[in-house]
Amino acid sequence: MPAFDTIDDLPADSRVLVRLDLNSPIEDGDPQDNRRFGRHAETVRELADAGHRVVLMAHQGRPGRDDFTSLAGHADILADHVDRDVAFVADTYGDEALAAIDALGAGEVLLLENTRMCEDELPEASPEEKAETAFVATLAPRFDAYVNDAYSAAHRKHASLVGFPLVLPAYAGRVMETEYEANTAIATREFDGPVTMVVGGTKATDVIGVMDALDDRVDRFLLGGVAGELFLRAAGHPVGRDVAGLDLFDEQWAENRELIESVLDERGDAIRLASDLAYEGPDGDRAEVAVEDIDEKTTGYLDVGSATVADYEPAIRESDAVFVKGALGVFEDERFADGTVGVLEAIAETDCFSVVGGGDTSRAIEMYGLREADFSHVSIAGGAYIRALTGEPLPAVEVLKAAAERAEN
Ligand SMILES: Nc1ncnc2c1ncn2[C@@H]1O[C@H](COP(=O)(O)OP(=O)(O)O)[C@@H](O)[C@H]1O
Ligand SMILES: O=C(OP(=O)(O)O)[C@H](O)COP(=O)(O)O
């Protein structure tokens with residue numbers, strides 16, 4: 001039985017208030033289409049097809065930043081994915097919003113303005129405090145049910161995420177359901193064979209924390225990216241030189257050195273490090289060097305090398321489950337995509353249970369023509385995925401679970 005009620009449990013003809021995560025890159029003021037729209041469209045379509053009155057809430061950016069914009073453009077993109085009208089009202093819970101909500105017919109869809117434009121939304125607080133805000137107290141009585149589909153924002157204690165499910169019967173949307181199940185699998189599911197985790201990307205501090213927390217659940221870690229170079233450094237190799245003015249290595253090294261050394265010391269047998277690395281050669285082409293031959297920290301490395309990929313591939317083929325967190329190289333540049341793509345291809349070719357997470361890494365799937373269907377789950381969450389992997393509870397998921405318990409008693 002799932003941890004929470006889902007939209008399968010919704011009473012017929014409900015007036016539903018639905019929280020999505022449509023937070024997107026903004027270019028020249030306009031939201032860019034991305035996988036979040038397509039995924040949430042499934043939930044929205046299903047609710048509208050069932051004849052519910054569907055009112056959507058979502059956020060965009062953070063106040064004070066360039067990406068903090070209205071959701072007017074998001075409504076148009078979502079409409080294309082849902083294949084029906086998505087009305088938009090530039091108001092969160094004022095008279096205009098209430099009038100638009102009251103005018104909604106069965107099977108119709110309305111998107112409210114950016115929740116973060118409402119003062120009650122942002123300061124993080126308990127569900128009880130959020131439920132008492134004017135935002136929640138005004139909107140909630142107009143609805144029969146609340147649906148949370150915003151798994152990727154579930155680590156935030158904002159009014160639209162934790163306040164409504166305290167005062168309305170609460171259900172999980174399809175994205176919430178599938179993300180929760182796949183992303184917690186590493187901690188909750190028993191696998192028959194080896195469990196492998198591919199660890200890379202730039203946010204070394206995050207992934208080293210995951211490695212530390214998942215210690216006993218993962219049989220082997222295959223390392224690359226910035227995190228991989230920091231482990232190579234701990235193993236005595238002079239790597240981890242920043243290029244292009246970035247500061248990815250030294251600060252994270254200073255911050256995590258002790259933890260890296262202790263993880264390497266305690267789980268060294270489970271940790272596989274790159275045996276070769278790739279860099280930009282003098283003529284601009286990809287060049288590779290064996291890690292053993294690196295004796296000075298003079299080069300910035302941008303991918304794991306081909307011998308490393310050849311070493312990682314069989315480890316993946318033998319696995320019963322593979323979880324990916326972070327890219328093995330700067331895959332956005334075709335010259336340095338071999339590590340990330342090689343590993344993703346190996347996963348796609350096996351029938352192991354596989355989860356690929358992190359906004360950037362999962363982008364490599366579409367960039368290099370891989371099929372999402374060849375993976376068990378491709379997450380649209382970043383911060384929430386990391387927290388799920390470390391077993392940290394997500395406040396908005398916890399309130400959904402509590403709502404299900406309330407409903408049962
Ligand atoms: N050796 C490297 N040096 C610099 N950047 C790297 C390196 N390896 C991977 N990256 C970058 O890591 C990014 C993905 O990292 P991260 O943001 O941690 O993952 P995600 O967003 O997928 O969680 C990619 O965009 C890639 O360019
Ligand atoms: O995009 C999001 O998170 P992510 O960058 O971790 O994927 C969510 O919408 C949360 O946004 P926030 O980090 O501004 O609270």
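## A helix with a buried threonine

T361 lies in helix 14 (residues 359–367). Helices (H or I, at least four residues) and strands (E, at least two) are DSSP runs, numbered from the N terminus. T361 is buried, with a relative accessible area of 4%. Buried means under 20% relative accessible area, exposed over 50%, and partly exposed in between, using a 1.4 Å probe and protein chains only.

T361 touches V324, G326, A327, F331 and V356, leaving out residues up to four places away in sequence. Contact here means heavy atoms within 4.5 Å. A polar atom of the T361 side chain lies 3.5 Å from the backbone nitrogen of G326.

## About the model

This is a predicted model, in which local features need pLDDT of at least 70, side-chain atom pairs count only at pLDDT 80 or more, and totals for chains, interfaces and linings use all residues. Residues are numbered from 1 along each chain as its sequence is written, chains are lettered from A and ligands numbered from 1 in the order in which they are written, and side-chain values use heavy atoms, with hydrogens and water left out.

The domain assignment gives domain 1 (7–172 + 392–408) and domain 2 (181–378). These bounds come from an automatic or database domain assignment. The C-alpha centres of domain 1 and domain 2 lie 35 Å apart.

## Residues listed in the record

For "binding site", the unreviewed UniProt entry lists E332, G358, G359, D360 and T361. UniProt positions are given in the numbering used here, feature names are shortened, and annotations may be inferred rather than shown by experiment.

E332 sits in the loop between strand 15 and helix 13 (338–349). E332 is partly exposed, with a relative accessible area of 40%. Beyond its neighbours within four places in sequence, E332 is in contact with R363, M367 and Y368.

Six strands form an open sheet in the order 11-10-9-15-16-17, with parallel pairing. Strand 11 (271–272) and strand 17 (377–378) stand at the edges, each with a single partner strand, so one side of each is left without a neighbour in the sheet. Two strands pair if DSSP finds at least two bridges between them.

Strand 15 (residues 321–325) pairs with strand 16 (residues 353–357) in the parallel sense over five bridges. There, F323 stands opposite V355 in strand 16. Strand 9 and strand 15 also pair in the parallel sense, over five bridges. V195 has A321 in strand 15 as its bridge partner.

## Inside strand 15

Five of the five residues of strand 15 are buried, so the strand is largely enclosed by the rest of the structure. In a regular strand the side chains alternate between the two faces of the sheet. In strand 15, A321, F323 and K325 point one way, while V322 and V324 point the other way.

Helix 9 (residues 204–213) lies across strand 9 (195–199), strand 10 (220–223), strand 11 and strand 15. Helix 9 runs at about 165° to strand 9. Axes are lines fitted to C-alpha atoms, for helices over the stretch in contact, and angles run from 0 to 180 degrees between N-to-C directions.

Helix 10 (residues 225–234) is mostly covered, with nine of its 10 residues buried. Among the buried residues are E229, F231 and R233. The buried residues of helix 10 pack against strand 9, helix 9, strand 10, helix 11 (250–267), strand 11 and strand 12 (276–280). G236 follows helix 10 and has a positive phi, near 100°.

## D338 in helix 13

D338 lies in helix 13. D338 is partly exposed, with a relative accessible area of 41%. D338 touches R286, D303 and V309, not counting residues up to four places away in sequence. D338 and V304 are 34 residues apart along the chain, and their C-alpha atoms are separated by 7.9 Å.

## S152 and its partner

S152 is found in the loop between strand 7 (145–148) and helix 6 (159–167). At 7% relative accessibility, S152 counts as buried. The S152 side chain makes a polar contact with the side chain of D21 (2.6 Å). A polar contact is a pair of N or O atoms within 3.5 Å; within protein, one must be able to donate a hydrogen and the other to accept it, and residues adjacent in sequence count only if both atoms are side-chain atoms.

Leaving aside neighbours within four places in sequence, S152 is in contact with D21, R36, I380, A381 and A384.
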